[in-house]
Amino acid sequence: SSSSWMRNVSWFSNQGRRDWELSMEASRNGWERLLRDSPDLKFPDGFIRMMDRSYERSCSWDKLQRFLKSPRFKFTLTHGDFHAANMIISMKKNDNGDNNNNNNN
């Protein structure tokens, strides 16, 4: 069976390097632009250092390929629109004690 409909599946067979590198470059540029253009934005302690270190250590096609072939790698399938901007996390509890801000129950 073909898995060509799965986005980025080519990375598992050492293909698609240029697209991956462009994606990593766009991500890194977006992160740097966010920090530059939003100096008043607050992050949890250590978050900026963690992000910077992840870009320094991880943004290499060769490192990705080694990791995908390592025993440490565990395959995970997610829906195609799963990304940080598409998550809602509520830290406030409503009257019922739920972490849901919808109080129209």
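User: Where is Asn14 found, relative to H1?

Analyst: Asn14 is in the segment before H1. Keep in mind that this is a predicted model.

User: What is the phi of Asn14 near?

Analyst: The phi of Asn14 is near 60°, a positive value, and the residue is not a glycine. Most residues other than glycine have a negative phi.

User: And is Asn14 buried, exposed or partly exposed?

Analyst: Asn14 has a relative accessible area of 46%, so the residue counts as partly exposed.

User: Let's back up. How many helices and strands does the protein have?

Analyst: There are 3 helices and 0 strands. Along the sequence the pattern reads α-α-α.

User: What share of the residues is buried?

Analyst: Of the 105 residues in the protein, 11% are buried.

User: How big is the accessible surface, and what share belongs to carbon and sulfur?

Analyst: The accessible surface is about 9,200 Å², and carbon and sulfur atoms account for 51% of that.

User: Which residues of H3 are buried?

Analyst: H3 covers residues 61-68, and its buried residues are Trp61, Leu64, Gln65 and Leu68. These residues lie on the same side of H3, because the arc they cover around the axis is only 95°.

User: What covers them?

Analyst: Helix H1, residues 17-37, is among the parts that cover the buried residues of H3.

User: Gln65 is in that list. Why does Gln65 count as buried?

Analyst: Gln65 counts as buried because its relative accessibility is 6%, and the cut-off for buried is under 20%.

User: What is Gln65 in contact with, apart from its neighbours in sequence?

Analyst: Once the neighbours within four places in sequence are set aside, Gln65 is in contact with Trp11 and Asn14. Asn14 is the residue you began with, in the segment before H1.

User: Which atom of Trp11 lies 3.0 Å from the side chain of Gln65?

Analyst: That is the backbone oxygen of Trp11, which lies 3.0 Å from a polar atom of the Gln65 side chain.

User: New topic. How many salt bridges are there in the whole structure?

Analyst: A search of the whole structure gives 3.

User: Which residue does Glu21 meet in a salt bridge?

Analyst: The side chain of Glu21 meets that of Arg17, at 2.8 Å from N to O. Both residues lie in helix H1, 4 residues apart, which is about one turn of the helix.

User: What about Arg17 and Asp62, how do their side chains meet?

Analyst: Arg17 and Asp62 meet in a salt bridge too, at 3.7 Å from N to O. Arg17 is in helix H1 and Asp62 in helix H3, so this pair ties together parts that are 45 residues apart in sequence. Asp62 is partly exposed, at 40% relative accessibility.

User: Which residues are linked in a network, then?

Analyst: Arg17, Glu21 and Asp62 are linked in a network of salt bridges.

User: And what does Asp37 meet?

Analyst: The side chain of Asp37 meets that of Arg36 in a salt bridge, at 3.1 Å from N to O. Asp37 is partly exposed, with a relative accessible area of 48%. Arg36 counts as exposed, at 55% relative accessibility.

User: How many residues apart are Glu56 and Arg28, and what is the distance in space?

Analyst: Glu56 and Arg28 are 28 residues apart in sequence, and their C-alpha atoms are 9.8 Å apart in space.

User: Last one. Which residues form a nonpolar patch on the surface?

Analyst: Phe12, Phe75 and Leu77 form that patch, and together they have about 340 Å² of accessible area. Phe75 lies in the segment after H3.

Notes. Residues are numbered from 1 along each chain as its sequence is written. This is a predicted model: local features need pLDDT of at least 70, side-chain atom pairs count only at pLDDT 80 or more; totals for chains, interfaces and linings use all residues. Side-chain values use heavy atoms; hydrogens and water are left out. Buried means under 20% relative accessible area, exposed over 50%, partly exposed in between (1.4 Å probe, protein chains only). Helices (H or I, at least four residues) and strands (E, at least two) are DSSP runs, numbered from the N terminus. The arc is that of the directions from the helix axis to the C-beta atoms. Contact means heavy atoms within 4.5 Å. A polar contact is a pair of N or O atoms within 3.5 Å; within protein, one must be able to donate a hydrogen and the other to accept it, and residues adjacent in sequence count only if both atoms are side-chain atoms. Patches are made of residues with over 30% relative accessible area and no salt bridge: like charges are joined within 9 Å, nonpolar side chains (Val, Leu, Ile, Met, Phe, Trp, Tyr) within 5 Å. Accessible areas come from the Shrake-Rupley method with a 1.4 Å probe; for residues, only the protein chains shown count as cover. A salt bridge is a side-chain nitrogen of Lys or Arg within 4 Å of a carboxyl oxygen of Asp or Glu.
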